[in-house]
Amino acid sequence: MYKGTSASAGIGIGTAVIVEEAELVIKRETVADAAAEVERFKGALDQTMKDTEALAADLATRVGEKEAEILQGHLMLLMDPMLTGEIENTISGEGICSEYAIEQVCSMYASVFAAMEDELMQQRATDMNDIKTRMQQVLMGVKSVDIASLPAGSILVAKDLTPSMTAGINPANVAGIVTELGGKTSHSAILARALEIPAVVAVNDFLNQVKNGDQVVLDGAEGVVYVNPDAAVAADYAAKREKFLNEKKELEQYIGKPTITKDGVTVELVANIGKPEDVEKVLQYDGEGVGLFRTEFLFMDRNAMPTEDEQYEAYKTVAEALKGKPVIIRTLDIGGDKEIPYMGLQKDENPFLGYRAIRFCLDRKDDVYRPQLRALLRASAYGNIKIMIPLVTCIDEYREAKALIEEIKAELDEKGIAYNKDIQVGIMVETAAASLIADIFAKEADFFSIGTNDLTQYTMSVDRGNDKISYLYSTFNPAVLRSIKRIIACGREEGIMVGMCGEAASDPMMIPLLLAFGLNEFSMSASAILYSRKLITNYSVEELQAVADKAMSFATTKEVENYMREFVAALK
């Protein structure tokens, strides 16, 4: 038995297939024509970007836009003028070949990232090495290993898996993944979980213990791997795998069932999406609508803004596919971690507190906001579209956006263009300011959707990507819980729908509290819907009131988490 780190739950049983990329020998070679060599580099850069865009689009369709963000991060690195400019200057200044200039510059950046204490920044080192290798492969005419065509029942074994390699995996053929390097939070581990492939990483010296064709058994939850196990071990894990798959299969019984508690309280289970293609998964997992369509992904991975008609077609596609079910579409939220180069945004010293979301849109009404709002209104004629305004902090912002929508409605009326005249316009409640004046917003907004990721970050004044202070980042913090409870109460008082589209909406420990607080709508990754429905249908809202009261009586995050963990565990 070999021990590693659990990266993705499940039991993998199959035949070892060792995946090793061809070693690239990068030599420092001088070039006669540096200008021509710069053009050669640009060609490889363009090709790598096209390949990455295709991979990201495929991943968004097959898995989800959240997972595709990892490869969109690669695109951001490839588009970074500081990085590409430095490579070009190295080629020109030193008169050397592109392969060596890429090696020099990218390795330097990767070393800087790897030396940082922040876990997210350390992950950037892996991303940088990934794009470095892929650009060099294009230049040298070396094809990357074709992971997509591995035979069925393969246990993929590698030194490490880059995000681009993992993204190309066909889950139908790969029964498990074992690597010598990596961690639970690495991008490859995140993708393995999204693809629902059992994975164990950081298995020391494993490549020397296994060969192609060996029988391998792995337990992704426990982080253990067996090579050519005896009959008893093999039978034990075959039984465990059967049980795991049966539990997953049992969730299918919740398809087509209403999301209703034991005491008759009905709530909506909807999905978060980023592109029209994601609707397939919403329907597959019986989502009751879309609770968050992140429109910024329509603006990313391109060199110019999408036209009004392009946006209209995207929104219309989703509305028609859901046949009258609610589709909440968030207006453009860029800035912070979603910068889009062609928008010409200047760097903010603190982007999460800067020029972004509704602040940006209201400042760029004519070229950005009007076309999007027109597209949304036109598409609303084909389904139950609702418009959501992100990052509002004061009622003036909501009123200005609403006034602009009314102006556009009048223009459409003049031209005889159809739209839903009663379209709802709500807000994303994700700031401490919006939480504190939720009673004021509830009198004017048509609905609330609580964004717990940012609400937690802003309430606690904590950067969730900074591992030194990550212990403060918890939705179970009493301050955050009080904020959530108040937002829901204010919305219910005015009779408007209150939903949640942050990660907490599908957290099994948070769901009982949200039900007790009176949340109407839970929006989550499509793949989490059926399990959440199973949980909700086993609860009584009336009985959960005492649980919520107890949870709210604690003074610390740890006390709340321990109490809810014990409560959920006792029900299993």
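In this predicted model, helix α13 (residues 365-379) is largely enclosed by the rest of the structure, because eleven of its 15 residues are buried. The buried positions are V368, Y369, R370, P371, Q372, L373, A375, L376, L377, R378 and A379. These residues pack against helices α10 (296-299), α11 (308-321), α12 (357-363) and α14 (395-415), and also against strands β11 (326-330) and β12 (384-389).

One of these neighbours, α14, crosses α13 at roughly 65°, with the two axes coming within 10 Å. The crossing of α13 with α14 is right-handed. On the α13 side, the contact involves K365, Y369, R370, L373, R374, L377 and R378. On the α14 side, it involves E400, A401, L404, I405, E407, I408, K409, E411 and L412. By class, eight of the residues in this contact are nonpolar and eight are charged, with no polar ones.

The contact of α21 with α22 comprises eight nonpolar residues and one charged residue, and no polar residue.

The model also contains an open sheet of eight strands with mixed pairing, arranged in the order β1-β8-β7-β3-β4-β5-β6-β2. Strands β1 (2-3) and β2 (5-8) lie at the edges; each has a single partner strand, so one side of each is left without a neighbour in the sheet. Helix α8 (residues 231-250) packs on the sheet, where it touches β3, β7 and β8 (224-227). The direction of α8 makes about 120° with that of β3.

Within the sheet, strand β3 (residues 11-18) runs antiparallel to strand β7 (residues 215-219), to which it is joined by five bridges. With strand β4 (residues 154-158), β3 pairs in the parallel sense over four bridges, and V17 stands opposite L156 in β4. Parallel pairing is also found between strand β5 (residues 174-179) and strand β6 (residues 199-201), which share two bridges. There, A199 in β6 is the bridge partner of I177.

Definitions and conventions: Residues are numbered from 1 along each chain as its sequence is written. This is a predicted model: local features need pLDDT of at least 70, side-chain atom pairs count only at pLDDT 80 or more; totals for chains, interfaces and linings use all residues. Side-chain values use heavy atoms; hydrogens and water are left out. Buried means under 20% relative accessible area, exposed over 50%, partly exposed in between (1.4 Å probe, protein chains only). Contact means heavy atoms within 4.5 Å. Two strands pair if DSSP finds at least two bridges between them. Ala, Val, Leu, Ile, Met, Phe, Trp, Tyr, Cys and Pro count as nonpolar, Asp, Glu, Lys and Arg as charged, and the others, Gly among them, as polar. Axes are lines fitted to C-alpha atoms, for helices over the stretch in contact, and angles run from 0 to 180 degrees between N-to-C directions. A crossing is left-handed if the near helix is turned anticlockwise from the far one by less than a right angle, and right-handed if clockwise.
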